[in-house]
Amino acid sequence: MKKKLLCAVLTVAMVSSMLAGCGSTNKTESTDTSKSTEAEGSSADNNTLTVWCWDPAFNMNAMEKAEAIYQKENPDFKLNIVETPWEDVQTKLTTAATSGQLDTLPDILLMQDNAFQKNVISYPDAFTDLTGSAVDYTQFAEGKTGFSTVDGKNYGVPFDNGAVIACYRTDILEQAGYSIDDFTDITFSDYLEKGKVVLEKTGKPLLSCIAGESDVIVMMLQSAGGSFFDESGKANIVNNDILKEVMTTYQKMVEAGVLVEVNDWDQYIATINNGTVASAVNGCWIMASVQGAQDQAGKWDITNMPRLDSAATATNYANQGGSSWAVTSNCKNVDLATDFLSKTFAGSTELYDQILETGAVATYLPAGDSDAYGKTNDFFSGKPVYSKIVEYAGKIPACGTGVYFYEARDAVATAITNIIGGSDINTELQTAEDTVNFTMGQ
Amino acid sequence: MNGRKKKITLAKKHNLTGWAFLVPATLLIVVMSFLPMIKAFVLSLKTGIGVTMKWAGFLNYIRMFKDTVFMQALKNNFIYLIIQVPIMLILALILASMLNNKDLKFKGFFRTAIFLPCATSLVSYAIIFRSLFAVDGLVNTILIKFGFLHTGYNFLGHATSARIIIIIALIWRWTGYNMVFYLSGLQNIDYSVYEAAKIDGASPFQTFWKITAPLLKPTILLTTIMSTNGTLQLFDESVNLTNGGPANATITMSHYIYNTSFKYVPNFGYSAAMSYLILILVAVLAFVQMRVGDKRD
């Protein structure tokens, strides 16, 4: 009997301790959430904003500088900047929006331009419409604001520039008898012909890119204002003359050996830094990586990218990458957030001057007129490269990426891999369009 | 107080005690595991973008069979399954019986060396394999040095070679893991059986096929089911080693499910439906393997 009693007592003790455990877990959980709302969620007090962005040397630094500038007028203002890698921003946003727990979101978050429309359309309740707010959108290039515009409404404040630049190794070009001017304002057929000469005389291909990623294709397409989708949002791949020209040009460049495909990002950067290739065409943020090879200082120069030959709308300018600030619907103090953004990222040339050396070239057009942008860069042959980039940025044609951008991008990447492998271009484009239409027809 | 207790019979009392012990664990499993499974199934009957979902019945399940990318992924998974699992298991069995040899020196060292790949992180080993087989990677450098190739071959840029590399990577990573199961199975086989075989003049090959393999049958069945399950859920290698490429030649079902939920415009209903197909496939294959392999009745 005693034993049984002991058993019973022990059982009761165990169960109650478990219950107590649960109870106290609940308690700690609730304190945890209240803590994490402070740390992660939007800020409750009137003068603090919480921000998610990902790069301490780049966009976090920019936010800190912006905070300091805004504090001059509003001494009580405070930012709570939380380092959150982009993949985590996307996952947290997805989790918060699908579970309806929008109060876990910060006031402001940084969003990749390519993912902007997708997220706004998938989670319309998660973002604040900034149209008609204090942010003056006429001060930004149309090509940039287009990324964060859905149904004519602006949801984002543009941040860093993704204007495409072409960086050339002038010493290699010289060996082939060319100068940077021979590669300025040229067409892709010029590029191909000159590339063949460079390859023949120096043994170096002009360009490298990652196989299976359609970065180069997207740049070429957007330089002529082209898109994978038509204005009504339908997939436009098979009957897209611009895209067809892009695909054949790309194929010719690969077949001539002027364009080499590598398998991942590290190898891509290695081809640039090891001098395997003579040029790099990418968003202007590539400058940071190009400058990674300090022994090549002074051997690089920057100009605009080649344009398509036959497309009527062809230009030498495009956008690649870049990001924008979004205000979430969880922001309790929208006025403060928009006022802050309009006076810093959409209104302060001083801010852009301060962050220029980290490689953050402004999309805010007036910033390009400032003295800091006139500075020269010794790595790039002592030329005033920043003002050049701002000038390019103003000329980028507007083109919608569409909601299904990533689907289309992957489908076209599959198509180009097969085309280079010898498949027929029309069949492959048809397959790509079918794939995109399939994903859209859900 | 005692009067009330007496109404319950002893058997009932024992039963109740048993249940009391079971309840906490059962509740936890139900809440943490079964409830999400049911919710996922309900989700798989809906369709839509992000949070705007509507009922679709079994449309998602019909839809996936028209999805060329998913069908390609399914095919890839079965290529890995049919080629990689048998090679790996036979290799593991051979290694295990070699290492089980009583006279072998440095047994511990060899066992650790073969098991060690299992302790590496999935992501890092995939990245190491990717750089090994890069155009200017170690493998190409060696092949060029010894005159087999003139220029580097883009192993990951061609469908067949990319698949072979994933299979090689999987074999490297998982053979040791399965070998450990076989080793522990072999410890349970009495050594006198082998002695008897030796006295009867059985060759090593005969010993292996007539004694080791049959006695290890339950372990072999276990590893087969586990490997099948693991291969059908393959994710890290596809994402990190080849990124599904070239042209979706190496993409796996789990990788595609990840894409449809996080990379593309999110359609969680469709993703959940595809996950359920994997569950069904694993269940069916495990059932077939049990039927074929388990002859205990």
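Here are some notes on the predicted model above, point by point.

1. Some housekeeping before the tour. Residues are numbered from 1 along each chain as its sequence is written, while chains are lettered from A and ligands numbered from 1 in the order in which they are written. As this is a predicted model, local features need pLDDT of at least 70 and side-chain atom pairs count only at pLDDT 80 or more, though totals for chains, interfaces and linings use all residues.

2. Start with chain A as a whole. Its secondary structure comes to 16 helices and 12 strands (DSSP runs numbered from the N terminus: H or I of at least four residues for helices, E of at least two for strands). Of its 442 residues, 48% are buried. Here, buried takes 20 or more other C-beta atoms within 10 Å of a residue's own, exposed 12 or fewer, and partly exposed is in between, with C-beta atoms placed from the backbone. Among contacts with a separation of 6 or more in chain A, 78% join residues 24 or more positions apart; a contact needs C-beta atoms, placed from the backbone, within 7 Å.

3. Now look at helix α10 of chain A, residues 265–273. Gln267(A), Tyr268(A), Thr271(A) and Ile272(A) are buried there. Seen down the axis, these buried residues fall within an arc of 145 degrees, so they line one face of α10(A) (the arc is that of the directions from the helix axis to the C-beta atoms). An α-helix has 3.6 residues a turn, so residues three or four places apart point the same way. On the other side of α10(A), Trp265(A) and Asp266(A) are exposed. The cover over the buried residues includes β8 (207–210), β9 (259–262), β10 (279–283) and α11 (286–290) of chain A. After α10(A) comes Gly275(A), with a positive phi near 70 degrees.

4. Further along is Phe405(A), in helix α15 (residues 405–420) of chain A. It counts as buried, with 23 C-beta neighbours inside 10 Å. Leaving out residues up to four places away in sequence, Phe405(A) touches Asn114(A) and Lys118(A). Asp339(A) is 66 residues from Phe405(A) in sequence and 31 Å from it in space, C-alpha to C-alpha.

5. How do α15(A) and α16(A) (residues 425–440) pack? Their angle is about 160 degrees and their axes are 9 Å apart. Axes are lines fitted to C-alpha atoms, for helices over the stretch in contact, and angles run from 0 to 180 degrees between N-to-C directions. The pair is therefore roughly antiparallel (over 145 degrees; under 35 is roughly parallel, 65 to 115 roughly perpendicular and the rest oblique). Among the residues that meet are Ala408(A), Ala411(A) and Ala415(A) of α15(A) and Leu429(A), Ala432(A) and Val436(A) of α16(A). By class, the contact has nine nonpolar, five polar and two charged residues. Nonpolar means Ala, Val, Leu, Ile, Met, Phe, Trp, Tyr, Cys and Pro, charged means Asp, Glu, Lys and Arg, and the others, Gly among them, are polar.

6. Over in chain B, α11 (residues 217–232) and α14 (residues 268–293) pack at about 165 degrees, with axes 10 Å apart. That makes α11(B) roughly antiparallel to α14(B). Leu221(B) and Ile225(B) are among the α11(B) residues in the contact, with Leu281(B) and Leu285(B) among those of α14(B). The contact divides into eight nonpolar, five polar and one charged residues.

7. Last, where the chains touch. The contact takes 27 residues from chain B and 29 from chain A. On the chain B side, α2 (10–44), β1 (46–49), α4 (68–99), α13 (253–263) and α14 each supply at least two residues. That side has 16 nonpolar, eight polar and three charged residues.

Terms used:
Contact = placed C-beta atoms within 7 Å.
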